[in-house]
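Keep the viewer open as you read.

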Amino acid sequence: MLAPDQGPSRPMRKGRESSVVPSTMCGPGPRPRGRRATALTVITLTTGTGRGARYTEYRCSMVSSRTTGSSTQRGRLSGLTRRTAHEAVREELRHAILSGELAPGTPLVLTDIAEQLGTSRTPVREAIRDLVGEGLVDFDAYRTAVVHTPTLAGARETYEIRIVLEEMATRSAVGSCTAADLERAEALCDAMDATTDVGEWTELNRQFHAVLMTTVESRLLRSMIGGLRDASAVQVALALRAGGLGMREANEEHRALLQAFRDRDPEAAVERQTEHLRSTLRAVEAYESTD
């Protein structure tokens, strides 16, 4: 588990990485001595056919670390290349943000995250850069990376634009999506049905909508919708945790949308997609009004 930054700031030590964030203590009180074992979970899709496609969970066990006196043996992501470590750190941070482990406004300290995940600073820096691009992380006035804090006005603007753009994209995608795309979308629906974890569900939801837009001819349109979808993820997760957005109801809406794609019915697909987006926005508005 990633511990949110709670302690006071301290000055940078000479030679320490300073290009991303200033160093701070990761929690109150001294760090405990002794052995610490951690594990990192990455979820990937195993290709298959029909309902036989499955999500497979890989656990990358980190080497535990022991602190003795002034010497510390830091763990490493065992057997992973730098690129793979970057992807694994990005998934871990994304899940921590979407599940609420890292709340909006929480500073993300490069050196502390690297130590907690048992890796070097480079993949952490790359992961933070990716999450900035997804809209999950911002840089504050002091160039500190912090978890994005969404606003109701921002959510309304994002969803109203998505509704317009996704109508165009859906009409294009319904006639061009492949059988493999539909099978993958169904596997994602199955995975969403099977989980109650908010962070995991939110990421699967993001992937589901992305799969249906895979064959949209306009690259610019795909890119614009992808950016808006990523920007919506934090508020979707917040609404889920508050109970304003129900996983079961959203899963049923996903199945109805997928069926419209299978039927190659653009009018039905646009109707299902628009209503799904509007119901999600209503859930976000309900959450924000009681916050």
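The protein chain has nine helices and seven strands, where helices (H or I, at least four residues) and strands (E, at least two) are DSSP runs numbered from the N terminus. This is a predicted model, in which local features need pLDDT of at least 70 and side-chain atom pairs count only at pLDDT 80 or more, while totals for chains, interfaces and linings use all residues. Residues are numbered from 1 along each chain as its sequence is written, and side-chain values use heavy atoms, with hydrogens and water left out.

Of the 291 residues in the protein chain, 46% are buried. Buried means under 20% relative accessible area, exposed means over 50%, and partly exposed is in between, with a 1.4 Å probe and protein chains only. The chain exposes about 14500 Å², and carbon and sulfur atoms supply 51% of that area; accessible areas come from the Shrake-Rupley method with a 1.4 Å probe, and for residues only the protein chains shown count as cover. Turning to contacts (heavy atoms within 4.5 Å), take those between residues at least 6 apart in sequence: 71% of them join residues at least 24 apart.

Now look at helix 3, residues 121–134. Its 14 residues should span 20 Å at 1.5 Å a residue, and its end C-alpha atoms are 20 Å apart, so the two agree; the expected span is 1.5 Å times one less than the number of residues. The buried residues of helix 3 are Pro123, Val124, Glu126, Ala127, Ile128, Leu131 and Glu134. Just after helix 3, Gly135 takes a positive phi of about 85 degrees.

Arg143 counts as exposed because its relative accessibility is 52%. Its phi is near 65 degrees, a positive value in a residue other than glycine. The charged end of Arg143 sits over the ring of Phe139, 4.3 Å from the ring centre. For such a charge over a ring, NZ of Lys or CZ of Arg must be within 6 Å of the ring centre and within 35 degrees of the ring normal.

Helix 4 covers residues 152–176, and its 25 residues reach 35 Å from first C-alpha to last, close to the 36 Å expected at 1.5 Å a residue. A kink of about 30 degrees is centred on Glu166; the bend at a residue is the angle between axes fitted to the seven residues ending there and the seven starting there. Glu166 is also one of the buried residues of helix 4, which include Tyr159, Arg162, Ala169 and Ala173.

Helix 7 (residues 219–242) has 24 residues and reaches 35 Å between its end C-alpha atoms, close to the expected 34 Å. It bends by about 35 degrees at Ala233. Within helix 7 lies Asp230, which counts as buried because its relative accessible area is 13%. Leaving aside neighbours within four places in sequence, Asp230 is in contact with Glu134, Leu136 and Arg206; Glu134 is one of the buried residues of helix 3. Just after helix 7, Gly243 takes a positive phi of about 85 degrees.

Where does Arg264 sit? Arg264 is in the loop between helix 8 (247–262) and helix 9 (266–290). Its relative accessible area is 39%, so Arg264 is partly exposed. Although it is not a glycine, Arg264 has a positive phi of about 55 degrees. Not counting residues up to four places away in sequence, Arg264 touches Val174, Gly175, Ser176, Cys177 and Leu182.

Finally, find His276 in helix 9. His276 counts as buried because its relative accessibility is 5%. Not counting residues up to four places away in sequence, His276 touches Asn205, His209, Ala250, Glu253 and His254. The C-alpha atoms of His276 and Leu257, 19 residues apart along the chain, are separated by 8.6 Å.
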